[in-house]
Amino acid sequence: MLQIRPNCETCHCDLAVDSTAYICTFECTFCDTCTENIHILQCPNCLGNLEKRPIRPKALLAKYPPSTKRGSS
Ligand SMILES: [Zn+2]
Ligand SMILES: [Zn+2]
């Protein structure tokens with residue numbers, strides 16, 4: 001299951017569960033601005049591709065809550 005991390009690893013901005021975010025296969029997580037302007041759809045950590053993070057339906061968030069652990073630098 002996706003962790004749905006709460007922040008962008010590059011600029012450390014908050015990412016709401018229903019906001020546009022991008023993740024790699026290891027779930028390194030970035031905001032859309034950093035993804036499009038800095039990383040150009042490539043994860044700087046593992047060099048894999050970044051894809052749009054799916055949005056978990058609101059009804060399932062109580063049972064499957066998003067991660068509150070902020071990603072490292
Ligand atoms: Zn960012
Ligand atoms: Zn990565």
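Reader: Does Arg5 count as buried or exposed in this model?
Author: This is a predicted model. Arg5 lies in the segment before E1. Buried means under 20% relative accessible area. Arg5 has 15% relative accessibility, so the residue counts as buried.

Reader: Which protein atoms are the donors of the zinc ion (ligand 1)?
Author: Along the chain the donors follow the spacing C-x2-C-x19-C-x2-C. They lie 2.2 to 2.3 Å from the zinc ion (ligand 1). The donors are Cys8 (SG), Cys11 (SG), Cys31 (SG) and Cys34 (SG).

Reader: What is the arrangement at the site of the zinc ion (ligand 1)?
Author: Four donors count as tetrahedral if all angles lie between 85 and 135 degrees. Here the angles among the four donor atoms are 100 to 118°. The site of the zinc ion (ligand 1) is tetrahedral.

Reader: How many residues apart are Cys8 and Cys31?
Author: Both Cys8 and Cys31 are buried. Cys8 sits in the segment before E1, while Cys31 is in strand E2. The pair links distant parts of the chain, and the separation is 23 residues.

Reader: Why is the arrangement around the zinc ion (ligand 2) irregular?
Author: The donors are Cys24 (SG), Cys28 (SG), Cys43 (SG) and Cys46 (SG), at 2.3 to 2.7 Å. A tetrahedral site needs all angles between 85 and 135 degrees. The arrangement around the zinc ion (ligand 2) is irregular because its four donor atoms subtend angles of 88 to 155°.

Reader: Where in the chain are Cys24 and Cys43?
Author: The donor residues of the zinc ion (ligand 2) are spaced C-x3-C-x14-C-x2-C. Cys24 and Cys43 link distant parts of the chain, 19 residues apart. Both are buried. Cys24 is in the loop between E1 and E2, and Cys43 is in the loop between helix H1 (32-39) and strand E3 (51-52).

Reader: Which elements give two or more residues to the largest nonpolar core?
Author: The largest nonpolar core has eleven residues, among them Cys8, Ala21, Tyr22, Phe30 and Cys31. Two or more residues come from each of strand E1 (21-23) and strand E2 (29-31).

Reader: Which residues does Cys8 touch, not counting those up to four places away in sequence?
Author: Cys8 belongs to the largest nonpolar core. Contact means heavy atoms within 4.5 Å. Cys8 touches Cys13, Leu15, Thr29, Phe30, Cys31 and Cys34.

Terms used: Residues numbered from 1 in each chain as written. Chains lettered and ligands numbered in written order. Predicted model: local features only at pLDDT ≥ 70, side-chain atom pairs only at ≥ 80, totals over all residues. Heavy atoms only, no water. Core = buried A, V, L, I, M, F, W, Y, C linked by side-chain atoms within 4.5 Å. Buried < 20%, exposed > 50% of the residue type's maximum accessible area, 1.4 Å probe, protein only. Helix = DSSP H or I, 4+ residues; strand = E, 2+ residues; numbered from the N terminus. Donors = N, O, S within 2.8 Å, 3.2 Å for Na, K, Ca; no water. Tetrahedral: all angles 85-135°; square planar, octahedral: opposite > 155°, others 65-115°.
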